[in-house]
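Please look through both before reading the points below.

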Amino acid sequence: MTHRTRIKICGLTRPQDVQSAIAAGADAVGFVFYPKSPRYIAAAAAGELIVQIPPFVTPVGLFVNATLEEVQAIIAQAPIALLQFHGDETPEHCAAIAKAVNRPFIRAIRVKEGMQAADLLEYESDYRAASTLFTGLLLDAFVDGYGGGGKVFDWSLIPENIAPRVVLSGGLSVQNATDAVLSVRPYAVDISSGVEQDKGIKDAVKIRAFIAAVRTADAVAAAADQTK
(Lines give C-alpha, C1' and ligand atoms only; values in the text may rest on other atoms or scores of the structure.)
Protein backbone atom coordinates (compact mmCIF):
# COMPACT_ATOMS: atom_id res chain seq x y z
CA MET A 1 0.00 0.00 0.00
CA THR A 2 1.40 3.40 -0.98
CA HIS A 3 1.19 6.37 1.34
CA ARG A 4 -0.06 9.80 0.34
CA THR A 5 1.56 12.40 2.55
CA ARG A 6 -1.05 14.77 3.92
CA ILE A 7 -0.38 18.49 3.55
CA LYS A 8 -1.35 21.42 5.77
CA ILE A 9 -0.90 25.03 4.68
CA CYS A 10 -0.77 27.17 7.82
CA GLY A 11 -0.98 30.86 8.68
CA LEU A 12 -3.78 31.71 6.27
CA THR A 13 -5.36 35.15 6.52
CA ARG A 14 -6.96 35.84 3.11
CA PRO A 15 -9.79 34.14 1.19
CA GLN A 16 -7.72 33.88 -1.99
CA ASP A 17 -4.99 32.03 -0.10
CA VAL A 18 -7.48 29.55 1.34
CA GLN A 19 -8.83 28.92 -2.14
CA SER A 20 -5.31 28.56 -3.58
CA ALA A 21 -4.40 25.97 -0.94
CA ILE A 22 -7.58 23.99 -1.53
CA ALA A 23 -7.29 24.15 -5.32
CA ALA A 24 -3.70 22.90 -5.12
CA GLY A 25 -4.75 19.87 -3.08
CA ALA A 26 -4.10 20.77 0.57
CA ASP A 27 -5.68 18.42 3.09
CA ALA A 28 -5.78 20.98 5.90
CA VAL A 29 -5.61 24.74 6.32
CA GLY A 30 -4.35 26.43 9.47
CA PHE A 31 -5.39 29.60 11.26
CA VAL A 32 -3.16 31.21 13.89
CA PHE A 33 -5.02 32.49 16.96
CA TYR A 34 -1.91 33.79 18.73
CA PRO A 35 -2.14 37.59 18.84
CA LYS A 36 1.63 38.12 18.86
CA SER A 37 2.11 36.23 15.60
CA PRO A 38 2.45 38.19 12.34
CA ARG A 39 0.06 35.58 10.89
CA TYR A 40 -2.59 36.15 13.55
CA ILE A 41 -6.20 36.17 12.43
CA ALA A 42 -9.19 37.23 14.52
CA ALA A 43 -11.81 34.59 15.20
CA ALA A 44 -14.56 36.36 13.27
CA ALA A 45 -12.33 36.74 10.19
CA ALA A 46 -11.29 33.08 10.39
CA GLY A 47 -14.95 32.10 10.64
CA GLU A 48 -15.66 33.87 7.37
CA LEU A 49 -12.88 31.88 5.70
CA ILE A 50 -13.87 28.55 7.22
CA VAL A 51 -17.40 28.69 5.82
CA GLN A 52 -15.85 28.63 2.35
CA ILE A 53 -13.97 25.39 2.99
CA PRO A 54 -15.45 22.33 1.24
CA PRO A 55 -15.92 18.89 2.83
CA PHE A 56 -12.84 16.80 3.66
CA VAL A 57 -10.50 19.78 4.04
CA THR A 58 -9.72 20.21 7.74
CA PRO A 59 -9.65 23.68 9.33
CA VAL A 60 -7.04 23.73 12.11
CA GLY A 61 -6.69 26.31 14.87
CA LEU A 62 -3.24 27.07 16.29
CA PHE A 63 -3.15 28.18 19.95
CA VAL A 64 -0.31 29.26 22.21
CA ASN A 65 -0.93 28.93 25.96
CA ALA A 66 -4.61 29.81 25.52
CA THR A 67 -7.14 29.36 28.30
CA LEU A 68 -10.22 27.21 27.90
CA GLU A 69 -12.38 30.34 27.81
CA GLU A 70 -10.28 31.81 24.99
CA VAL A 71 -10.50 28.62 22.96
CA GLN A 72 -14.26 28.37 23.51
CA ALA A 73 -14.78 31.97 22.41
CA ILE A 74 -12.78 31.42 19.24
CA ILE A 75 -14.51 28.17 18.30
CA ALA A 76 -17.89 29.86 18.76
CA GLN A 77 -16.98 32.15 15.85
CA ALA A 78 -14.55 29.96 13.89
CA PRO A 79 -15.68 26.31 13.78
CA ILE A 80 -12.28 24.64 13.54
CA ALA A 81 -12.15 20.85 13.47
CA LEU A 82 -8.70 20.26 14.99
CA LEU A 83 -6.75 22.01 17.75
CA GLN A 84 -3.00 22.59 17.46
CA PHE A 85 -1.27 23.46 20.74
CA HIS A 86 1.98 25.29 20.08
CA GLY A 87 3.02 26.74 23.44
CA ASP A 88 4.01 25.32 26.80
CA GLU A 89 0.82 23.36 27.36
CA THR A 90 1.08 20.25 29.51
CA PRO A 91 -0.59 16.99 28.51
CA GLU A 92 -3.25 17.65 31.15
CA HIS A 93 -3.90 21.19 29.88
CA CYS A 94 -4.31 20.00 26.29
CA ALA A 95 -6.52 17.12 27.36
CA ALA A 96 -8.80 19.32 29.44
CA ILE A 97 -9.37 21.87 26.68
CA ALA A 98 -9.86 19.22 24.00
CA LYS A 99 -12.42 17.42 26.14
CA ALA A 100 -14.28 20.61 27.00
CA VAL A 101 -14.65 21.70 23.37
CA ASN A 102 -14.90 18.14 22.02
CA ARG A 103 -12.15 18.48 19.43
CA PRO A 104 -9.16 16.25 18.64
CA PHE A 105 -5.75 17.86 18.95
CA ILE A 106 -2.16 17.70 17.82
CA ARG A 107 0.75 18.86 19.97
CA ALA A 108 3.62 20.84 18.48
CA ILE A 109 7.03 19.94 19.89
CA ARG A 110 9.81 22.41 19.17
CA VAL A 111 12.89 20.25 18.79
CA LYS A 112 15.79 21.76 20.71
CA GLU A 113 19.48 21.09 20.27
CA GLY A 114 20.43 18.13 22.42
CA MET A 115 17.02 16.51 22.25
CA GLN A 116 17.09 12.76 21.71
CA ALA A 117 14.80 10.32 19.94
CA ALA A 118 13.79 8.98 23.35
CA ASP A 119 12.46 12.42 24.28
CA LEU A 120 10.10 12.43 21.32
CA LEU A 121 8.88 8.95 22.17
CA GLU A 122 8.22 10.09 25.74
CA TYR A 123 6.31 13.15 24.56
CA GLU A 124 4.08 11.05 22.35
CA SER A 125 3.48 8.53 25.12
CA ASP A 126 2.59 11.23 27.66
CA TYR A 127 0.08 12.99 25.44
CA ARG A 128 -1.48 9.77 24.23
CA ALA A 129 -1.90 8.62 27.83
CA ALA A 130 -3.49 11.95 28.77
CA SER A 131 -6.27 11.95 26.18
CA THR A 132 -7.99 9.81 23.59
CA LEU A 133 -8.43 13.04 21.59
CA PHE A 134 -4.67 13.30 21.01
CA THR A 135 -3.95 12.48 17.36
CA GLY A 136 -0.21 13.02 17.04
CA LEU A 137 2.88 15.21 17.34
CA LEU A 138 3.83 18.05 15.07
CA LEU A 139 7.61 18.42 15.07
CA ASP A 140 9.01 21.89 14.51
CA ALA A 141 12.40 23.53 14.97
CA PHE A 142 13.01 25.41 18.21
CA VAL A 143 13.18 29.19 17.93
CA ASP A 144 12.91 31.95 20.50
CA GLY A 145 9.29 32.84 21.07
CA TYR A 146 6.48 30.78 19.60
CA GLY A 147 5.39 29.84 16.13
CA GLY A 148 7.38 28.84 13.11
CA GLY A 149 10.77 30.38 12.49
CA GLY A 150 11.51 28.90 9.09
CA LYS A 151 14.32 26.78 10.51
CA VAL A 152 15.06 23.09 9.90
CA PHE A 153 15.94 20.68 12.69
CA ASP A 154 17.84 17.40 12.52
CA TRP A 155 15.34 15.00 10.96
CA SER A 156 17.46 12.00 11.95
CA LEU A 157 16.24 12.51 15.54
CA ILE A 158 12.79 11.28 14.60
CA PRO A 159 12.42 7.61 15.59
CA GLU A 160 11.42 5.41 12.68
CA ASN A 161 8.57 3.86 14.64
CA ILE A 162 6.77 7.18 15.16
CA ALA A 163 7.70 8.87 11.85
CA PRO A 164 4.59 7.46 10.09
CA ARG A 165 2.42 9.22 12.69
CA VAL A 166 4.07 12.65 12.93
CA VAL A 167 3.46 15.93 11.16
CA LEU A 168 6.79 17.31 9.95
CA SER A 169 7.25 21.07 10.08
CA GLY A 170 10.03 23.62 10.42
CA GLY A 171 11.86 25.23 7.53
CA LEU A 172 10.10 23.27 4.81
CA SER A 173 10.17 24.74 1.30
CA VAL A 174 9.77 23.83 -2.34
CA GLN A 175 13.51 23.14 -2.42
CA ASN A 176 13.64 20.62 0.42
CA ALA A 177 10.12 19.15 0.47
CA THR A 178 10.94 16.08 -1.61
CA ASP A 179 14.05 15.26 0.47
CA ALA A 180 12.15 15.84 3.71
CA VAL A 181 9.38 13.42 2.81
CA LEU A 182 11.77 10.78 1.50
CA SER A 183 14.04 11.09 4.55
CA VAL A 184 11.37 11.01 7.24
CA ARG A 185 8.33 9.44 5.55
CA PRO A 186 6.01 11.40 7.86
CA TYR A 187 2.25 11.11 7.95
CA ALA A 188 1.91 14.77 7.04
CA VAL A 189 3.84 17.99 6.41
CA ASP A 190 2.99 21.51 7.58
CA ILE A 191 4.27 24.66 5.90
CA SER A 192 3.73 28.38 6.40
CA SER A 193 6.63 30.75 5.70
CA GLY A 194 7.96 28.55 2.90
CA VAL A 195 4.97 29.41 0.67
CA GLU A 196 4.68 33.11 1.44
CA GLN A 197 5.22 36.38 -0.37
CA ASP A 198 5.22 38.10 3.01
CA LYS A 199 4.20 37.10 6.52
CA GLY A 200 0.59 36.02 6.37
CA ILE A 201 0.41 36.56 2.60
CA LYS A 202 0.67 33.32 0.64
CA ASP A 203 2.00 32.74 -2.87
CA ALA A 204 -0.25 30.51 -4.99
CA VAL A 205 2.65 29.48 -7.24
CA LYS A 206 4.76 28.41 -4.26
CA ILE A 207 1.83 26.48 -2.77
CA ARG A 208 1.35 24.52 -6.00
CA ALA A 209 5.08 23.89 -6.33
CA PHE A 210 5.38 22.70 -2.73
CA ILE A 211 2.48 20.27 -3.06
CA ALA A 212 3.91 19.00 -6.35
CA ALA A 213 7.27 18.40 -4.64
CA VAL A 214 5.58 16.36 -1.90
CA ARG A 215 3.69 14.33 -4.48
CA THR A 216 6.98 13.67 -6.30
CA ALA A 217 8.38 12.26 -3.06
CA ASP A 218 5.32 10.06 -2.65
CA ALA A 219 5.78 8.69 -6.17
CA VAL A 220 9.49 8.01 -5.63
CA ALA A 221 8.76 6.32 -2.29
CA ALA A 222 6.03 4.17 -3.83
CA ALA A 223 8.34 3.06 -6.63
CA ALA A 224 11.05 2.19 -4.12
CA ASP A 225 8.61 0.20 -1.98
CA GLN A 226 7.55 -1.85 -4.99
CA THR A 227 11.11 -2.94 -5.65
CA LYS A 228 11.63 -4.25 -2.12
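The structure is a predicted model, in which local features need pLDDT of at least 70 and side-chain atom pairs count only at pLDDT 80 or more, while totals for chains, interfaces and linings use all residues. Residues are numbered from 1 along each chain as its sequence is written, and side-chain values use heavy atoms, with hydrogens and water left out.

- Helices (H or I, at least four residues) and strands (E, at least two) are DSSP runs, numbered from the N terminus.
- Strand S4 (residues 82-85) is covered on both faces, with Leu 82 and Gln 84 buried on one side and Leu 83 and Phe 85 buried on the other; buried means under 20% relative accessible area, exposed over 50%, and partly exposed in between (1.4 Å probe, protein chains only).
- Strand S3 (residues 58-63) runs parallel to S4 and is joined to S4 by 4 bridges; two strands pair if DSSP finds at least two bridges between them.
- Within this pairing, Leu 62 stands opposite Gln 84.
- S4 also pairs in the parallel sense with strand S5 (residues 105-111), over 3 bridges, and here Gln 84 stands opposite Ile 106.
- From S4 the chain crosses through helix H4 (residues 91-101) to S5 in a right-handed β-α-β crossover, meaning that, with the strands pointing away from the viewer, the path from the first strand over the helix to the second runs clockwise.

**Salt bridges**

- The structure holds 12 salt bridges, each being a side-chain nitrogen of Lys or Arg within 4 Å of a carboxyl oxygen of Asp or Glu.
- Lys 8 and Asp 190 form one of them, at 2.5 Å from N to O.
- Because Lys 8 lies in strand S1 and Asp 190 in strand S8, this pair ties together parts that are 182 residues apart in sequence.
- Lys 8 counts as buried at 7% relative accessibility, and Asp 190 counts as buried at 4%.
- Glu 124 and Arg 165 form another salt bridge, their closest N and O atoms being 2.8 Å apart.
- Glu 124 is buried at 7% relative accessibility, whereas Arg 165 is partly exposed at 38%.
- Arg 4, Asp 27, Arg 215 and Asp 218 are linked in a network of salt bridges.

**The second largest pocket**

- Which residues lie nearest the centre of the second largest pocket? They are Arg 6, Ala 28, Leu 82, Tyr 187 and Ala 188, out of 19 lining residues.
- A pocket is an open set of points on a 1 Å grid over the protein atoms alone, where a 1.4 Å probe fits, with protein on both sides within 12 Å along at least five of seven lines; lining residues have an atom within 4 Å of a point.
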